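Subject: Structure for you to look at

Hello,

Here is the structure I said I would pass on. Please open it beside this message and read the two together.

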Amino acid sequence: MILQNKFDVPTSPEEAWQTLLDVPGIVGCVPGAELTSKESDNVYKGRVSVKLGPVALKFNGSATIETADSATRTALIRANGTDQQGRGNAGAVTTMRVEPSAAGSTVTLDTDLQLSGLVAQYGRASGVITAVSSTIISQFAENLRRQIGAQKVADLPAEREEPISAERKTASVDNAIGGGMLWKIFTAWFGGLFGASRRG
């Protein structure tokens with residue numbers, strides 16, 4: 001089964017390329033994924049939990065970055081896994097490309113996915129696999145964008161603190177009080193709304 005996914009990240013192609021090849025650094029962005037060991041520079045072992053319709057699966061497997069061309073920012077990644085309950089296997093060969101875009105970079109993933117055993121029966125409907133793949137990639141992209149944004153903020157130089165005048169301190173206190181009251185009003189309204197929903 002051939003799957004294609006695309007997503008944008010708010011950073012340069014060079015930075016996006018380096019980030020995506022840092023498997024230990026981004027594995028936390030992948031829903032249900034856990035890195036268990038690094039076998040060599042390009043081989044990683046881990047676990048992945050995924051749901052195909054109503055069936056929850058957990059795979060133990062490995063991923064290998066077989067080729068990585070920094071000039072074209074293209075990589076070939078091979079992964080395979082076995083369901084912990086012996087319900088089948090999954091294998092995938094993915095070509096990743098990173099290209100410049102208006103948002104910063106566009107990442108394209110072309111995947112040849114192979115399933116066997118009961119796992120293949122669970123995912124027989126191509127629509128299920130496509131939907132699950134799209135959801136995982138969408139969540140991964142969102143987590144990755146959040147991580148890149150947090151890193152950029154962390155890399156900013158610290159601003160010098162200016163002395164705060166008495167007038168500014170008073171204004172800050174007034175704003176804090178006002179903000180606190182608004183927050184209490186909002187939470188009361190929000191809680192009342194759900195309380196009403198429960199009562200209804």
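Below are notes on what was found, from the whole chain down to single residues.

This is a predicted model, in which local features need pLDDT of at least 70 and side-chain atom pairs count only at pLDDT 80 or more, while totals for chains, interfaces and linings use all residues. Residues are numbered from 1 along each chain as its sequence is written, and side-chain values use heavy atoms, with hydrogens and water left out.

**Overall**

The protein has five helices and seven strands. Helices (H or I, at least four residues) and strands (E, at least two) are DSSP runs, numbered from the N terminus. Along the sequence their pattern is β-α-α-β-β-β-β-β-β-α-α-α.

Of the 200 residues, 26% count as buried. Buried means under 20% relative accessible area, exposed means over 50%, and partly exposed is in between (1.4 Å probe, protein chains only).

A contact means heavy atoms within 4.5 Å. Among contacts with a separation of 6 or more, 52% are between residues 24 or more positions apart.

**The sheet**

In what order do the seven strands stand in the open sheet? The order is β1-β7-β6-β5-β4-β3-β2, and the pairing is antiparallel. Two strands pair if DSSP finds at least two bridges between them. Strands of a sheet pair through backbone hydrogen bonds, either parallel or antiparallel. The edge strands are β1 and β2 (33–38), each of which pairs on one side only. From one strand to the next, the twist averages 25 degrees.

Strand β7 can be followed on both sides. With β1 it pairs in the antiparallel sense over eight bridges; here Lys 6 stands opposite Thr 108 in β7, and Gln 4 stands opposite Asp 110. With β6, β7 is joined by 14 bridges, again running antiparallel, and Thr 95 stands opposite Asp 110 in β7. Strands β6 and β7 form a hairpin with two residues between them.

Helix α1 lies across β1, β4 (55–69), β5 (74–83), β6 and β7, and runs at about 160 degrees to β6. For such angles, axes are lines fitted to C-alpha atoms (for helices over the stretch in contact), and angles run from 0 to 180 degrees between N-to-C directions.

**The cores**

A nonpolar core is a set of buried Ala, Val, Leu, Ile, Met, Phe, Trp, Tyr and Cys residues joined through side-chain atoms within 4.5 Å. The largest one has 17 residues, of which Phe 7, Val 9, Leu 20, Met 96, Val 107, Phe 140 and Leu 144 touch the most other members. At least two residues each come from β1 (2–9), α1 (13–21), β6 (88–101), β7 (104–117) and α4 (126–155). Helix α4 gives the most, with five residues. Another core, of 12 residues, lies apart from it and includes Leu 52, Phe 59, Ala 92 and Val 132.

Leaving aside neighbours within four places in sequence, Val 107 is in contact with Asn 5, Lys 6, Phe 7, Val 9, Leu 20, Met 96, Arg 97 and Val 98.

**Single residues**

Arg 87 lies in the loop between β5 and β6. Is Arg 87 buried or exposed? Arg 87 is buried, with a relative accessible area of 15%. A polar atom of its side chain lies 3.1 Å from the backbone oxygen of Ala 56. Beyond four places in sequence, the residues in contact with Arg 87 include Val 55, Leu 57, Ser 116 and Tyr 122.

Arg 73 is in the loop between β4 and β5, and counts as buried at 17% relative accessibility. Most residues other than glycine have a negative phi. Arg 73 has a positive phi of about 55 degrees although it is not a glycine.

Ala 102, in the loop between β6 and β7, is exposed, with a relative accessible area of 91%. Its C-alpha atom is separated by 9.0 Å from that of Pro 10, 92 residues apart along the chain.

Regards

Note on methods. A polar contact is a pair of N or O atoms within 3.5 Å; within protein, one must be able to donate a hydrogen and the other to accept it, and residues adjacent in sequence count only if both atoms are side-chain atoms.
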